[in-house]
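Student: Please show me the structure, and let us then discuss its contacts and its fold.

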Amino acid sequence: MEYERKAYDELLQWQREIRKKGSLLNRISKQAQNKMSQLIPEKAQNVITEAVKKMVTAVLSGSNLLFTNDFPKTYSLEEKETLIKEQLDKYRKAATVEGAGTGAGGILLGLADFPLLLSIKLKFLYDVAKIYHYPLDQYDERLFLLMVFQLAFSSDEKRIETLEMIENWDREKERLVDLDWQTFQQEYRDHIDFVKMLQMVPGIGAAVGAYANYKLLDRLGETAIFSYRMRYFNNLKSIRAE
């Protein structure tokens, strides 16, 4: 099918982009980000850490998840990805409104944005898994969601490592029984620290918050689409090999 051929070529290109070594600009940006992170109040850092820890715990336990699935059973990749893009548009709008609202409120509301945005991102990932009709009552499927999240919001080195795990998920899920949530939250925090600090600045917080949340959902959406696309094509290869 034309859609699948194009999708597979796009997937290969996306994988190549992730594997490229960080450019000089990326390395300089990372150094600047590390210095800026030192300026973030300890209270803000603690809020992020605690929010991520709770999210990881809730996902792995399944305590915050409704296992009902209202999405229709679809068969083609195009149908699945059309549904995903519809959901992404919905959650992206919600994140944008939420970012503008909390960004307009200064530091206190800015801190409230972290757990709220995590919740929006997580609900989107749950919907993606449900569109593919993967059984989220299974631990390894919930663990996969966190791998997708980590792939979206990590350093170049960690992204390459996580990509390889997702590419070989059928093998990796057998040995990956838990998640190092401390590394997980540190990678996430380092990825969003700078822009989230700007969100707390009076006068520009609302605009920064809206734009940042839109782009963060955009990145998560792209990563989720390609991650589940990998599994789709890997499953096709397995079926054909049989």
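Tutor: Residues 24 or more positions apart account for 83% of the contacts in the protein with a separation of 6 or more, where contact means heavy atoms within 4.5 Å. This is a predicted model in which local features need pLDDT of at least 70 and side-chain atom pairs pLDDT 80 or more, while totals for chains, interfaces and linings use all residues. Residues are numbered from 1 along each chain as its sequence is written, and side-chain values use heavy atoms, without hydrogens and water.

Student: How many helices and strands does the protein have?

Tutor: Both are DSSP runs numbered from the N terminus, helices being H or I with at least four residues and strands E with at least two. Along the sequence the pattern reads α-α-α-α-α-α-α-α-α-α. The totals are ten helices and zero strands.

Student: Which residues of α7 meet α1?

Tutor: Helix α1 spans residues 2-19 and helix α7 residues 156-167. From α1, the residues taking part are W14, Q15, I18 and R19. Their partners in α7 are R159, I160, L163, E164 and E167.

Student: Is Q150 buried or exposed?

Tutor: Q150 lies in helix α6, residues 139-152. Leaving out residues up to four places away in sequence, Q150 touches K158, T162 and F184. Buried means under 20% relative accessible area, exposed over 50% and partly exposed in between, with a 1.4 Å probe and protein chains only. Because its relative accessibility is 6%, Q150 counts as buried.

Technical notes
Axes fitted to C-alpha atoms, helices over the stretch in contact; angles between N-to-C directions.
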